[in-house]
Structure formats: C-alpha cells, structure tokens
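Try each task before you read its solution.

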2 protein chains.
Amino acid sequence: MFNRLCIIGVGLIGGSIARAARQQGLCNNIVGYGRKLDEQNLKTAKSLGVIDDYTLELDKAVQDVDCVVIATPVASIESIFTQLKPLWSNDAIYTDVGSTKGSVIAAAQKVFGVVPDNLVPAHPIAGAENSGVTASVDDLFLNKRLIITPADNASPEAVQKIQVFWERLGSLVSVMDVQHHDSVLAATSHLPHILAFALVDMLGHKDEQSEIFQYAAGGFKDFTRIASSDPTMWKDICAANKDEIIPLIEQLKGELDKIQRLLETNDSQQLFETFTYAKNARQRFLDQFYNN
Amino acid sequence: MFNRLCIIGVGLIGGSIARAARQQGLCNNIVGYGRKLDEQNLKTAKSLGVIDDYTLELDKAVQDVDCVVIATPVASIESIFTQLKPLWSNDAIYTDVGSTKGSVIAAAQKVFGVVPDNLVPAHPIAGAENSGVTASVDDLFLNKRLIITPADNASPEAVQKIQVFWERLGSLVSVMDVQHHDSVLAATSHLPHILAFALVDMLGHKDEQSEIFQYAAGGFKDFTRIASSDPTMWKDICAANKDEIIPLIEQLKGELDKIQRLLETNDSQQLFETFTYAKNARQRFLDQFYNN
C-alpha cells in the first residue's frame, strides 16, 4: 500500500500501528522519528523490530515517504505541524491519532493557513493502561472504532487511502465532521474521565481524614479505573475540547440536581424510573459493544 | 457455634451465608424463610443443599433457633421486625446484611421502642452482578470487609458471637458506629452509584438522538458498570441514606464547579495537579484493596 511509512512518536499507539502495518504487509519500510529524549524508546522499537530504523532529524524521517502518521500527544500537534511545514510533500498522505480533532484542524489552519488537502485526521478509539513501545501490540485496533474527520477540501483519494489503511489495521472506520466527533467524544470519554478524576479527588481528601478507602469495594475499583489515566494527557485533552466539555459538565450538574431533588422530596417512583432508564440504556450500550 | 440457624431471605447473600456456615461447620441445621412468592427460590435452595429445610411460616422458621440472619432488601426491614416482634427470643442472636445501617436502627427503635440488645446489625461489603440463590457461593465473603454496627446497649456476648460468626465466614470484620458506617458507605458506594446512574441517564437520552454509544469504549464500560445495578435495591438504599448522600452530591457539584472553572480560565497547571492527586489517591486505594 505504501513503500515507506514514517511514524512520528513510536509509543503505544505509534508502535501498534507499525506492528499491524507490517503484519498486514501495508508497507515495505517503517522509519520512526522522535526527539533526543525519545532516543532510548526508539532504540527499543528498532531492537524489537517494530520499526526498521529511526532518526532524530525530521527532514531525514520524512524523506521519500508515502505516508506520515503523527502519533504524539494532542498538545504537541501544532509544534509538529510547524516543523513539518517546510518539509511538507504533496506526494505523501498525513494522518494523526489525537483524541480531539477540532484542535488538530485549528493547529493546521494556524500553521498552514488552510488545512492541507492531504491531511486526514483520525482518532482510533483504542488504548491501554500502559504506554511506550514495549506495550505496543499488533491487534490494538482490531475491531475497534476509528473516526476520521477530513476537512471539506480534503482530497478524496487521500481520504480513501487513509480509510483503507486504518481498516486494514483492523479498525471499524466511521467518517464524521470534526465538531460531531468532538461532541460525541466529550460525552462518551472526556466527561466520564473528568467525573472519575473529580470523585477520586474529592474522596481522596476525605480518605486522608478518615480512611474511607479501606471500605471501598470492587464497584468502586471499576468506577474509578479511568482516574488512573495519565494526568498530562488528560489535562491536554480537556483543554483542547473544553468548548464541548463545559456544557456537558453544566448538564451533569443539572442531572445531579434532579436526583438530589428526588431524594429530598422522597420521590421514590421517579428515582426508580431514572435508575431503570439508566440500567436499560447501559444494556443498549453493552449490546452494541459486544456486537462490534 | 449454633445448633439451628434461620435465614430470612435466601438469595445471593442469604444463600452464600448458608453455604459458608455449613462449609465452616458453624451450625447443625439451617432453615430458610420466605414469602409465598419466594417458594420456588426456597425449593431450589433446598434442592441445592444450601438449606436443610424451608417454611413460609415465620413462627416455625424461628422456633428453637440460636441465630436469625435477616438477608432481605433494605426496604423490608421494618416489616420483618414487625413480624418478628411477637416471636422475638432472648435466647437467640439476630443480625442482618443491609447496606444502610441507620435505617435498620431506626426501624428497630420504631418497632421495639428500643433496639433489642441481641440485635447486631452487619453489612458485608460484598456482592455480585447476579442475584438469587443459584448465584450464591461459599466464598462470597472471603477476605471481604464487613462492618458491624452494634447499638450502645448491645450485649457484649452477642456482639462477640456475631463478630466471630462473620469472621469464620471469611470476612474482615470492623466495628463502627452506625452514623460513621452510613457516612463512609455514602462516599465509597452510594455516591458512585448515583453518579453512574446520572451519567448514563443523561447520555442515554443523547444516544437516542444521535447514537453516541457506538463510539464508547472499554473505559466507559467499566465506569458505568454499577449503573447496571438493581434499580429497586438502589432507590431503597438512596432513600434510606439520603441524609448522608445529599451533602455529598452538593460537594461533588462543587468539585465539578472547580474543574469547570479551571477549564474556563485555562488553568492547565491546577487541572494537572487535580488529576495527579486523583491518580495518586486511587493508587493508595488500590494498594489497600489488593493487600486485604
């Protein structure tokens, strides 16, 4: 599919893309790029056979490549675009893996003036507790949702090629406009993470005073799992998508107001109906989740 | 330890108590009690060997027993006490398994005038997704926390005996006053359940309009697991402990206000510190959880 693939940022996601691309025979050669401080990780990636070679010089990394995958944290995308600008090639296709897409489009507009027609932003809805290339696997994207958010001026060939690329990595690809992506992910991912962080922040301070955590059980463990996510990554995601997230926080506070009122007025029937609606809605989610 | 044990309500919890008590040789004979509509479940319990016999008549169920375990839903405790009152024996010990304890004490005071000194309320912090005697197991309480909340006038012998009983069923027993129990559980269990129900209620309505659930992933699945809990049981728990829960809902709304303000003011550093505090606090919880 490609002769030479460049991966910028060979961590869990970048490494898993490389592994799957090689396994599926999507390219002949994979070069990794990173900063000086990433060199040890790049060495490991090469020694594991995840990439064929690496370089700390971006001009060498993107030389003669057909496809560039930007797999760095959300917050660094503008800086990466700025470094790529003088090296940008019309003969290559560019994609990324950021969890927020409005920020990618905004960064591209800022750096390039207009979103390049050979850039096709993507978001694989996949991840794992661990990070770094040692955690990468060749089936990270298998049967996982992936959303691509091409701009209006995107080249149909580039969109088509990136869609097929991700499908061959195992993903179930949807095409969506940027705003819809950021709105959906704010609801299904960003808000739950904020809630988990908020609850554990609040209860952690209580625990310091009266040791409540020793009486927390398995339900609490699962509910708070996402509060163990990487704080740096999540502050960046929240900042990048705050326009979508803030109205949802408002709405959730309204929902908590409603439940509080039902408790205060002993409206047992409405409480039951709310909980039942939620239980059924989650079942609807589970049915989809396991039928993917 | 006991000659004859009576279990009122032979479901997941009651059945698991019976299985563990038999396995540990804590009694010679176990009788189950339930209502007419529970008869099929009681038959199953007997055929599985979980109980030796059952009856639908409470006076027969408690005849000559040394210990009565009330393992019915929280909301039925007052009705059970009322039925037990004319049959109450000073030669037996009584315990229960409700998730809220203030409501048990209040029901006892209402029915008996004063909390009987041979009643020792207990709360095993253990459960499972499934319910009914077919889901019962003999190790449900193994290495799980259990809190007993004896009233001031409780007989020290009764407290001691119930403590040893639960310990021999495998539990790690703590003794706590009722108010502290209800305050701790409101924070570690009731509030998280309400949050999960609230979030899924809100997002379920969004999903009906724009199908967001198909893009939700494993993090969402774990975060919302407790929203699949039994609505009847949870409306009763929330109602029974609303005095502890409402101030926590207020506090959580304040916590969400804080995070919203950090987003609005682009206070990335404080956001990072909040998320980091939460991540570390959860690690503290996990360390305790796995060292139990």
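**Exercise 1.** Which residues does Thr95(A) touch, not counting residues up to four places away in sequence?

*Solution.* Keep in mind that this is a predicted model. Start by finding Thr95(A) in strand β5, residues 93–96 of chain A. Then list its neighbours: Thr95(A) touches Val68(A), Val69(A), Ile70(A), Leu119(A), Val120(A), Pro121(A), Ala122(A), Ile162(A) and Trp166(A), with residues up to four places away in sequence left out. One of these contacts deserves a zoom: the Thr95(A) side chain reaches the backbone oxygen of Val120(A) at 2.7 Å.

**Exercise 2.** Decide whether Thr95(A) is buried or exposed.

*Solution.* The cut-off for buried is under 20% relative accessible area. Thr95(A) has 0% relative accessibility, so it counts as buried.

**Exercise 3.** Describe how chain A and chain B meet.

*Solution.* Begin with the residue counts: 86 residues of chain A contact 86 residues of chain B. Next comes area, where the two chains bury about 8,600 Å² between them, 68% of it on carbon and sulfur atoms. On the chain A side, Tyr215(A), Phe223(A) and Arg282(A) lose the most area to chain B, together 9% of what that side buries.

Now look at the charges. Eight salt bridges turn up across the interface, including one between Asp201(B) and Lys258(A), whose closest N and O atoms are 2.9 Å apart.

Finish with the make-up of the chain A side: α7(A) gives the largest share, 22 residues. Sorted by class, this side that touches chain B holds 47 nonpolar, 20 polar and 19 charged residues.

Definitions and conventions: Residues numbered from 1 in each chain as written. Chains lettered and ligands numbered in written order. Predicted model: local features only at pLDDT ≥ 70, side-chain atom pairs only at ≥ 80, totals over all residues. Heavy atoms only, no water. Helix = DSSP H or I, 4+ residues; strand = E, 2+ residues; numbered from the N terminus. Buried < 20%, exposed > 50% of the residue type's maximum accessible area, 1.4 Å probe, protein only. Polar contact = N/O pair within 3.5 Å; in protein donor to acceptor, adjacent residues only side chain to side chain. Contact = heavy atoms within 4.5 Å. Buried area = accessible area lost by both parts, 1.4 Å probe. Salt bridge = Lys/Arg side-chain N within 4 Å of Asp/Glu carboxyl O. Nonpolar A, V, L, I, M, F, W, Y, C, P; charged D, E, K, R; others polar.
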